[in-house]
Amino acid sequence: MRKQKEIMIGDKLKALRKSYGYTQEKLSESIECSTRYIGNIEQNKSKPSYEILVKICNLFHIGTDAIFGEYLEKSSKSSKEVGLAGFEKLKPENQAIILHLIEYFNRNNKK
């Protein structure tokens, strides 16, 4: 069995937080922890507790595989889904543009 690489999720959490337009302070208030703790997690100086991970997943409506997907042998969320994590926070006109582009590319992909 091959050795598991060290789990480093700081960059992923930072990107997720930013995709929703959250500052570290706003995120820390929303999940009831300190801003310093969020900063340490994002810099991979601290590992989040299970409770904090659950709060983050619930806040952003994602599963833990969205955070740990690259470390799991099987993942149900694709990186594309994680990239669109902030979709519901977009203005309706921007959501419509994205949906239109997806439809366009899907139509052209069938040809």
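Where is the place of E32? In this predicted model, for which local features need pLDDT of at least 70, side-chain atom pairs count only at pLDDT 80 or more, and totals for chains, interfaces and linings use all residues, E32 is placed in the loop between α2 and α3. Residues are numbered from 1 along each chain as its sequence is written, and side-chain values use heavy atoms, with hydrogens and water left out. Phi of E32 is near 60°, a positive value in a residue other than glycine, and E32 is exposed, with a relative accessible area of 64%; here exposed stands for over 50% relative accessible area, buried for under 20% and partly exposed for values in between, with a 1.4 Å probe and protein chains only.

The chain contains seven helices and zero strands, where helices (H or I, at least four residues) and strands (E, at least two) are DSSP runs numbered from the N terminus. Along the sequence, the pattern is accordingly written α-α-α-α-α-α-α. Of the 111 residues of the chain, 28% count as buried. Among the contacts with a separation of 6 or more, 53% are accounted for by residues 24 or more positions apart, a contact being defined by heavy atoms within 4.5 Å.

Helix α1 spans residues 10–19, and its buried residues are G10, L13, L16 and R17. These residues cover an arc of only 130° around the axis, which puts them on the same side of α1; the arc is that of the directions from the helix axis to the C-beta atoms. An α-helix has 3.6 residues a turn, so residues three or four places apart point the same way. The exposed residues D11 and K18 are carried by the face of α1 turned away from its buried side, while the cover over the buried residues includes α2, α3 (35–42), α4 and α5 (65–68). K14, also in helix α1, is partly exposed, with a relative accessible area of 34%, and its C-alpha atom is separated by 8.9 Å from that of G39, 25 residues apart along the chain. After α1 comes G21, whose phi is positive, near 75°.

In α4, which comprises residues 50–60, the buried residues are I52, L53, I56, C57 and F60. Seen down the axis of α4, they fall within an arc of 135°, so they line one face of the helix. Y50, E51 and N58 are exposed residues on the face of α4 turned away from its buried side, whereas the buried residues are covered by elements including α1, α2, α3 and α5.

The axes of α2 (residues 24–31) and α4 come within 10 Å and cross at roughly 105°, the axes being lines fitted to C-alpha atoms, for helices over the stretch in contact, with angles that run from 0 to 180 degrees between N-to-C directions. The two helices are therefore roughly perpendicular to each other, a class assigned to angles of 65 to 115 degrees, with those under 35 counted as roughly parallel, those over 145 as roughly antiparallel and the rest as oblique. In this contact, L27, S30 and I31 of α2 meet I52, K55, I56, L59 and F60 of α4. I31 itself, leaving aside its neighbours within four places in sequence, is in contact with I38, I52, K55, I56 and L59.

The largest nonpolar core has 20 residues, and those with the most contacts inside it are I9, I31, I56, F60, I62 and I67. Two or more residues are given to this core by each of α1, α2, α3, α4 and α5, with α4 giving the most, five residues. Such a core is a set of buried Ala, Val, Leu, Ile, Met, Phe, Trp, Tyr and Cys residues joined through side-chain atoms within 4.5 Å.

Q95 is buried, with a relative accessible area of 19%, and, leaving aside neighbours within four places in sequence, is in contact with F87, E88, K89 and L90.
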